[in-house]
Amino acid sequence: MSELMFECYGVPRVAYGIDALFSLYLNQKPPNSSNALVVSSGYQTTHIVPVLNGRLDSNHCKRINVGGSHVSWFLQRLLQLKYPAHQQVVTLTRAEELLRRHAFVAKDFAAELEKWRNPNEMIGMIIKMQLPYTPSPILDPEAAALKEEREREKKARHGQRLQEMAARKRQEKLEEHERQLEGWLSLLDLQDRDPNQFENLLTHFEFDSAEDLETSIHQVREKIAKIRSAIHEASTKDAQEETPSAAAKKPKDTPAHVSDEWLQSLKDRRKVLIDSRFRRQQKRRQLSDKRSMASKERMRIIAELARDDTTTSTSRGKPQKEDTFGQNDDDWHIYREINKESIDSDSEKDETELQQLEQLLRQHDPKFRQDENAIQHVDVDA
């Protein structure tokens, strides 16, 4: 080091020592520097260096693992907690900059706190700073409308992709269940033709008995029926959206010229919705009567589902109790509770659309009256 300083840099003199002592000798001239206590705060640590009779007392030097970096981090956390909306902007670098520019060591900490009690002095000590920001560009109405239209198209394409992915998954699941059902039906056919092979295959496929196999076949058939129903509903919905008359089902905007054809289309759609509401009310009345065919059929389905759950959960070898669900009035009360909890979301959509249609007809057809229809229908929720 000395060779480099003298020969390369041409330094006239070099002195090696402790930086805390150099700072003491620079700021406190003898004899004030004979006995002193130096607090040397660095970036990561702080050293306490005592000086007695002009010499370093190395036996009583202490090191504290707190430095300027910890103070900067603490200042950053305080600012982020006080201004949570600007957490990303209040960085550690900006906190260090504030610390170097505005922080100082108070010679009298209590006196500094007293200054903040005086409003006049407090205003002079407040420091305001402007955080960096990027102003948002001002778009004209046409550009804003174009941007909004692009966003809607993007969302529509994204939704269409999700629907296609869901349709592919349903189709794959359907094919998988159909293959499984075909294999299990082939296995069930072996029960009469080759009993020994049938028993071996039952053990291979981890079936406890033929009844267990039949239960699994029943469950797979139900899954296939649900998937096919979902595929049919999705295809029907897509077909309705692609039909040109679908836009007339929910008229939102009124054409510039109100024509008789447009008013008649609203009336036709209103009649379809009213008939649909009447059919739903009629079906609900049938379900509320325990002697009707619809109510008996639903009671039978509930009983079969309950029996299937009991059959799958019953262990092998234990006799099953006779199922008498539906024969007592208490079973009817259970059915009424199940029927009460059912919610018809389509009826809510139809009621909303019916209100929109009637509002348009009242605005643009002076001959229209809400009580024109000869058949009076009560509300669905009544």
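**Entry 1: the chain as a whole**

Helices, of at least four residues, and strands, of at least two, are DSSP runs numbered from the N terminus. With that in hand I counted 14 helices and four strands in the protein chain. I note at the start that this is a predicted model. I then looked up how much of the chain is covered: buried residues make up 20% of its 382 residues. The accessible surface of the protein chain comes to about 30400 Å², and 52% of this belongs to carbon and sulfur atoms. For contacts with a separation of 6 or more, I found that 51% are between residues 24 or more positions apart.

**Entry 2: confidence**

I checked pLDDT before going into detail. The protein chain averages 77, and 73% of the residues score at least 70. Which elements have the lowest and the highest mean pLDDT? Helix H10 (residues 246–249) has the lowest, at 44, and strand S4 (residues 62–64) the highest, at 95. I also wrote down two stretches where pLDDT stays under 50. One is residues 244–253, for which the model has 11 contacts beyond four places in sequence. Another is residues 308–319, with eight such contacts. Where pLDDT is low, the predicted coordinates should not be read in detail.

**Entry 3: a surface patch**

I looked at the residues Met1, Leu4, Phe6, Tyr9, Val14 and Tyr16. They form a nonpolar patch on the surface, and their accessible area together is about 690 Å². I picked out Tyr9, which is found in the loop between helix H1 (2–8) and helix H2 (19–27). Is Tyr9 buried or exposed? The relative accessible area of Tyr9 is 58%, so I put it down as exposed, the cut-off being over 50%.

**Entry 4: two strands**

Strand S1 (residues 36–41) and strand S2 (residues 46–52) run antiparallel, and six bridges join them. The link from S1 to S2 is a hairpin through four residues. Within the pair, I found Leu37 opposite Pro50 in S2.

**Entry 5: Gln76**

Gln76 has its place in helix H3 (residues 68–82). I recorded a relative accessible area of 12% for Gln76, so this residue is buried. What is Gln76 in contact with, leaving aside its neighbours within four places in sequence? I listed Val90, Thr91, Leu92 and Ala95.

**Entry 6: salt bridges**

The count of salt bridges comes to nine. I looked up three of them.

In the pair Glu112 and Lys115, the side chains meet at 3.5 Å, N to O. These two are three residues apart in helix H5 (residues 109–115), so about one helical turn separates them. Lys115 is partly exposed, with a relative accessible area of 34%.

The side chains of Glu149 and Arg152 meet at 2.3 Å, N to O. Because they are three residues apart in helix H7 (residues 141–193), about one helical turn separates this pair too. Glu149 is partly exposed at 32% relative accessible area, and Arg152 is partly exposed at 43%.

In the pair Glu351 and Arg277, the closest N and O atoms are 3.3 Å apart. Glu351 counts as buried at 15% relative accessibility, and Arg277 counts as buried at 13%.

Last, I went back to helix H7 for shared partners.

Methods
Residues numbered from 1 in each chain as written. Predicted model: local features only at pLDDT ≥ 70, side-chain atom pairs only at ≥ 80, totals over all residues. Heavy atoms only, no water. Patch = residues over 30% accessible without salt bridge, like charges linked within 9 Å, V, L, I, M, F, W, Y side chains within 5 Å. Areas by Shrake-Rupley, 256 points an atom, 1.4 Å probe, with all protein chains shown as cover. Salt bridge = Lys/Arg side-chain N within 4 Å of Asp/Glu carboxyl O. Buried < 20%, exposed > 50% of the residue type's maximum accessible area, 1.4 Å probe, protein only. pLDDT = per-residue confidence, 0-100. Contact = heavy atoms within 4.5 Å. Pairing = 2+ DSSP bridges.
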